[in-house]
Amino acid sequence: MRMNNKRGQISSEYIIVVGLILLLAIPFFYSFFRFLLGGYNNQMNADMVIRVSQATETLANLGGVGSKFSVPVRVAKIAQNDIAGNTLSILTTNGQTYSSQSTSLNTVIGSEALVGDGFMTVPLVYTYLDTIVIGTQPQVVGICPENENPYSSECQIDTTVHPSEGFRILGANFNSNSEVVLSKIQGSNGGCQTMISCAIDSDCAVGNTCTNGVCAELSPTITISEEGLVADIGTAQTGVGDYDVAIVNPDADISTCVSLEVTPSDDQEFYCGDGIISEDEECDPPEDSSEICGGNECKSNCMCNNK
């Protein structure tokens with residue numbers, strides 16, 4: 001009987017000792033493996049940035065306009081990505097940053113091209129103006145006069161057309177659901193500063209509409225060609241002035257902006273009712289002077305009746 005009590009006492013002591021060992025060991029091993037995993041994630045993110053940068057260099061050297069390349073990668077908790085001076089960089093949720101120099105060509109990246117956690121495939125496409133686009137979001141790299149050859153020197157980050165003339169946008173990732181949005185530049189604003197996010201039309205200024213999540217003064221017809229590298233825009237609505245031009249997809253992925261200047265032709269004369277908004281007009285319905293102008297009725301002198 002005394003032997004059983006002693007064995008029971010020894011068993012209890014073993015349990016207590018094992019419990020104390022586990023109490024000390026578990027936090028140690030947890031921290032150790034967490035450190036190993038963190039180091040693995042850090043190395044994985046660093047390698048990913050280098051792989052994508054090297055892929056842009058490969059595409060620049062071996063490809064041409066329309067060439068595409070996909071990079072399978074694994075990412076760990078990336079919150080942001082950016083590119084500046086052709087240096088690709090990422091920021092993780094815990095504040096770690098990684099960067100790598102990409103190709104010497106112009107390179108643009110979608111705001112969420114590398115954001116996420118896990119496996120993904122990063123698409124790259126070589127577009128016009130010697131530019132490589134990273135990601136699936138629409139990107140605008142240049143604008144041309146109507147029907148201009150995309151290789152022409154007339155295709156730059158800005159262009160000039162006359163009222164009612166169309167124009168051509170160069171970039172990547174345009175699709176059948178993409179819409180072009182124009183916002184008139186006021187004062188020193190520009191470079192997409194005039195673009196405002198929205199959910200419904202009432203979120204926008206009077207006369208603007210909510211187009212795929214962005215307030216647009218105009219959203220003219222758009223024809224996509226060359227597998228999403230070219231968008232031809234036709235409109236008879238542009239009045240004289242300067243506009244920011246972007247392309248936006250239904251999920252509110254908006255491209256960078258280019259500038260469009262609409263100037264009168266040398267021999268062009270404007271009159272009230274010609275359907276062209278000239279500098280001294282607030283509105284100009286082509287025939288019916290009762291058409292609305294910014295939510296208000298147009299008077300016969302092509303000015304808005306704001307009463």
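Contact is taken here to mean heavy atoms within 4.5 Å. Under that criterion, and not counting residues up to four places away in sequence, T127 touches V65, V133, V141, G171, A172 and L229. The model is a predicted one, in which local features need pLDDT of at least 70 and side-chain atom pairs count only at pLDDT 80 or more, whereas totals for chains, interfaces and linings use all residues. Residues are numbered from 1 along each chain as its sequence is written, and side-chain values use heavy atoms, with hydrogens and water left out.

T127 belongs to strand β5 (residues 116-127), strands being DSSP runs of E with at least two residues, numbered from the N terminus. Its relative accessibility is 0%, so T127 counts as buried; the term buried applies under 20% relative accessible area, exposed over 50%, and partly exposed in between, with a 1.4 Å probe and protein chains only. The side chain of T127 also reaches the backbone oxygen of G171, at 2.5 Å.

Elsewhere, four strands form an open sheet in the order β8-β16-β15-β10, with mixed pairing, where two strands pair if DSSP finds at least two bridges between them. Because β8 (158-161) and β10 (179-184) stand at the edges with a single partner strand each, one side of each is left without a neighbour in the sheet. Neighbouring strands of this sheet are turned by 30° against each other on average, direction ignored, the axes being lines fitted to C-alpha atoms and angles running from 0 to 180 degrees between N-to-C directions. The pairing of β8 with β16 (residues 258-262) is parallel and extends over four bridges, and within it T159 has L260 of β16 as its bridge partner.

A salt bridge is defined as a side-chain nitrogen of Lys or Arg within 4 Å of a carboxyl oxygen of Asp or Glu, and by this rule there are two.

| Salt bridge | N to O distance |
|---|---|
| E227 and K68 | 3.8 Å |
| R168 and D232 | 2.6 Å |

E227 is exposed, with a relative accessible area of 68%, and K68 counts as exposed at 54% relative accessibility. The pair of R168 and D232 likewise links distant parts of the chain, from strand β9 (residues 167-172), which holds R168, to strand β14, which holds D232, 64 residues apart. R168 counts as buried, at 14% relative accessibility.

Technical notes: A polar contact is a pair of N or O atoms within 3.5 Å; within protein, one must be able to donate a hydrogen and the other to accept it, and residues adjacent in sequence count only if both atoms are side-chain atoms.
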